[in-house]
Amino acid sequence: MPKLVVRNLRKLFGTFEAVKNVSFQVEEKETLCLLGPSGCGKTTILRIIAGLEVPTSGEVLLDGVLVNDLPPQRRQIGLVFQDYAIFPHLSVFENIAYGLRVRKLSEAELTRKVRETASLVDVQSILDAPTKKLGLSEMQRVAIGRSLALDPKLLLLDEPLSNIDAKARERMRTELGKLQKDIGIATVYVTHDQLEAMTLADRIAVMRDGLIEQMGTTSEIYDNPKTLFVANFIGSPSMNLIDCELVYNREEAVLKFGDLALDVTELTQRIEGKGEGRELVLGVRAEDLSLDAKKTNPVAIEAEVQLAEPVGAKSIYHLKMGGVSLLAKGYGMPNIDAGSKVWATFNIDKVHLFDKKTEHAIV
Amino acid sequence: MVGVRLVNVSKKAGKRQILKNVSLEIPDKELFVIAGPPGAGRTTLLKVIAGLISPDAGEVYIGNQMVNTVPPSDRDVGMVFETPPVYPNRTGFQNIAFPLEIKKVSDSQIKEQVQKVAEFLQITHLLDRKPATYSGGELQRVALARVLVRKPRLLLLDEPLKNLDAKIRERTRVELKRLQREFGMTMVFSTHDQLEATAVGDRIAVMKEGMIEQIGAPKEVYNSPKTVFVARFIGSPTMNLAECTLKRKDDRLVLDASDFNVDMTMRAHEMDREAMSQELLLGVRPEDIVLLDSPANTKSFEGEVELTENFGDERVVTVRVGKVSLNCLTGKDRVFKYGQKLHVKFKEEKVHVFHKQTGIAACVTSQM
């Protein structure tokens, strides 16, 4: 039985429909990530699951039991806020014990439970420390520990890594990943950061305007985006999306854009005649466009480098190709700098094709 | 000539030394990035250049002129802050036109210049609207327009992309670089984000606790970090570090990290003299570790997969070798399971070595 079931959820604020008919489930030990830009409805869904917001219609089931009418404190759900909401005047021990004290456990039982939880989130050595002196990553652990102490059925995390500087965020993301593996609890995680979602989630639900656009594993969503929105939102730099049209020339299939023509005969079977005569969008990820200083590949297309952005061992190249702007990403090539001519080859196997009207993927 | 030169600039706030002996030289028309974690002194440094803070010691030059005693308004410097102050009850046009009104520029000229800069920044649709209706990115661009309309010789940007959504940040980053090129400005840009720093900067100064640790081109600070701090700050995922010592074994020179070792014989001439007798740190970037299913015929070490992170186009696999966890970068087509045994091999020519005590590089790693 799934741990959490959300069925046909809708939420209206006045006349604004923040959540439009959303359904999903979360299995035991699974982390589901609700990902989308601000205003897509992801936090509203989280608050409905927690019981902080009442849905206009739809159901929330925990362990198969309908919890729509249960108040938040009786849902057995742990909620970790964006700023962690650690009580600054209490020690780490008292922060973790906070919810247990409300439950009126015996002192011995309470101490046992706090110690057990503390070792799970690896804060057992700082239990007596005042929370004022904690680092960010310790605060995160204490906040998660405080939720876990109450043996929740489900953990909800609301943008736990925003408001943190880039380097610390990277470290905490990895730590959070390890912690999730150790505690193995069903989790719903809300974020607008696609990298966070890809690295931490078992499955991702990409949201837009109150609806789930696509749900799947990181690989499914990254490699096979079903809509233009998902293609554009997932991945950094964003996928190149170019307006084009499909033209058949005897046995050859060619995509025309700008002054260019790309031979996509190999893809004819997958296109299944759906592309002809329609406005299409060609999608290609920056890493699926390879660059060469010379024309070694007969199908390579000449391009001019307008800007090179070094990002670690790789670089992002801003190209102008037959009147079209494109990005390519790859390991740094010497002497490829702004103004230089290069030869670009599309990795045809990795090319995407979308219908411009419906925004849905064809290939 | 509107370069910037700082000579031994120091600044204290109360007992805290915010800037310690900072010296740097920014040539005309360069896009110079000041990178560092929060609290490194980046904003103070920008304010010293702008004249909003006067240093306790040291000299500030803009062009050939020493400007220590020149008030901010006469320095011809534009500065855009992290949260740009705009007048909420003025429209976009009125906000951008404000600095020109003060200069008593004629109405027709104001109109022309505001229009021109608004077109360049693609904010003509905001000219009639008030700031309350702007998104974070739009607000940032209006503030930028207000500074650009004055055509300053030197533009200082303090974390200009911090409050923007990830996707807009990516785009604005490129816009700023184009802008700097097209206007032929000298630009100083501060950020905590190392990726942003390497992506936009012609050169980068990496700061830590009020001091400059290293200045160099993006590739230079990435490939040849001079200190452990720079090595760890620049690059994501972060460079792996392990304690080690340098030993002679027969006729080989080996960095011994107890759980694994790296043969440095071919690079003996690059190591400094003190390296032999001191405690060292071995640094290796995640992309410089090769993952193998079975042991290699040369040097490789057995490890176990602790964690995998899918980045879309590549994967970060955390492998435990003895007591050390190593982040390794690999292609997206390989799948690894939690607990899986595998073998790691180091690209010896790309290994970095630092003195553990001082954090200073003990070995020249120069692969441009």
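Guide: pLDDT is the predictor's confidence in each residue, on a scale from 0 to 100. This is a predicted model, in which local features need pLDDT of at least 70 and side-chain atom pairs count only at pLDDT 80 or more, while totals for chains, interfaces and linings use all residues. Residues are numbered from 1 along each chain as its sequence is written, with chains lettered from A and ligands numbered from 1 in the order in which they are written.

Visitor: Where in chain A is confidence lowest, and where highest?

Guide: Where pLDDT is low, the predicted coordinates should not be read in detail. Helices (H or I, at least four residues) and strands (E, at least two) are DSSP runs, numbered from the N terminus. In chain A, the lowest mean, 82, belongs to helix α9 (residues 268-271), and the highest, 98, to strand β10 (residues 211-216). The mean for chain A is 91, and 99% of its residues reach 70 or more.

Visitor: In what order do the five strands of the open sheet in chain A stand?

Guide: Two strands pair if DSSP finds at least two bridges between them. Here the order is β13-β12-β11-β14-β20 (chain A), with antiparallel pairing. β13 (260-263) and β20 (352-355) of chain A each have a single partner strand, so one side of each lacks a neighbour in the sheet.

Visitor: How many bridges join β12 to β13 in chain A?

Guide: Four bridges join β12 (residues 252-257) of chain A to β13(A). Leu255(A) is opposite Leu262(A) in β13(A).

Visitor: How is chain B divided?

Guide: Domain bounds come from an automatic or database domain assignment. Chain B has domain 1 (4-225) and domain 2 (240-355); their centres, taken over C-alpha atoms, are 40 Å apart.
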